[in-house]
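The sequence and the structure come first, and the description follows.

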Amino acid sequence: MLLRQLEYLVALARERHFARAAAACFVSQPSLSAAIRRLEHELDVPIVRRGRRYEGLTPEGEVVLAWAHRILAERDALRQELSALRGGLTGTLRLGIVPTALPAASLLTTPFCERHTRARVSLESLSSAQITHGLAEFELDAAMTYLDDDDLRHVRRFPLYEERYVLLTPVDGPLATAATARWSQAAGLPLCLLSPRMRNRRIIDEYFAADGARAAPAIESDTVAGLYAQLPGGRWSSVISHAWLHMFGVPQGMRVVPLEGPAHGPRVGIVVARHEPESVLAQALLKVAREAGVRDALDSLLKAHLGEAS
């Protein structure tokens, strides 16, 4: 059995298509198919359900796939540990991040790369469900996500910050000079918010409801960047997480107004899977996270913007 055969199987299970799997592995489709057939012969079990196209794995194939993930993870962990002994971590840290945490990610990735100059970071913007799957299947080393997600199981959690929500509103708007604003007042403004399928939107909708209001945004976006793109021009207001200020700041002609309500929202942090082998790169990221002071950095940034607005 060759590790390359296991890599081909993992790629096939991920892509669910022989040609795409072959392209991902930089080999021809016949080469990939032949390697998987050799693996079936060596293990004496059917692995792939075959028809005119890929139809999934057999029950035996699912078992082989689980072992393939584990064996390849063991190989990667060995390489990482040996590279650390030789003078520094190498390899690629595979980091999944929920979209609303991406604006704060550089507070971790920059010091990580400064400390481990031979390592690289691959960021993927993923949903909570995709992160759960990626950690379980050894496809991610770590993730930056909401820590209170019920779908997260068998993971270690390291808190980074609590989301704090503020109102971004035009300087000539009705709430621009307010020291604070109620959620019900914000609901009455022309709003641009994230789409309801985003976790952040569902959270702030709960806060609107708790103040007896319901937001009816005229514009919805499935990305933070898309939301911010609508704000210049003095027409729209938005409710944002203070972490977004790190990347996007306050658009010209707008003001930050604190919202009355919970002092802190849900926790965002780093999660790593509780399985063996542990990713050496993930452990290195956690060490950076313990020293980075992400919460303090974001709180100081918010205070600075509120000071400018007063």
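## An arginine in a loop

Arg 274 lies in the loop between β12 and α11 (280-292), where helices (H or I, at least four residues) and strands (E, at least two) are DSSP runs numbered from the N terminus. This is a predicted model, in which local features need pLDDT of at least 70 and side-chain atom pairs count only at pLDDT 80 or more, while totals for chains, interfaces and linings use all residues. Residues are numbered from 1 along each chain as its sequence is written, and side-chain values use heavy atoms, with hydrogens and water left out.

Arg 274 counts as exposed because its relative accessibility is 57%, the cut-off for exposed being over 50% (1.4 Å probe, protein chains only). Leaving aside neighbours within four places in sequence, Arg 274 is in contact (heavy atoms within 4.5 Å) with His 154, Val 155 and Arg 156. Although Arg 274 and Val 155 are 119 residues apart in sequence, their C-alpha atoms are 4.9 Å apart in space, and the side chain of Arg 274 reaches the backbone oxygen of Val 155 at 3.2 Å.

## The sheet

Five strands form an open sheet of mixed pairing, in the order β4-β3-β5-β12-β6, with two strands taken to pair if DSSP finds at least two bridges between them. The edge strands, each pairing on one side only, are β4 (119-125) and β6 (155-162). β6 pairs with β12 (residues 267-273) in the antiparallel sense over seven bridges, and Glu 162 stands opposite Arg 267 in β12.

Technical notes. Buried < 20%, exposed > 50% of the residue type's maximum accessible area, 1.4 Å probe, protein only. Polar contact = N/O pair within 3.5 Å; in protein donor to acceptor, adjacent residues only side chain to side chain.
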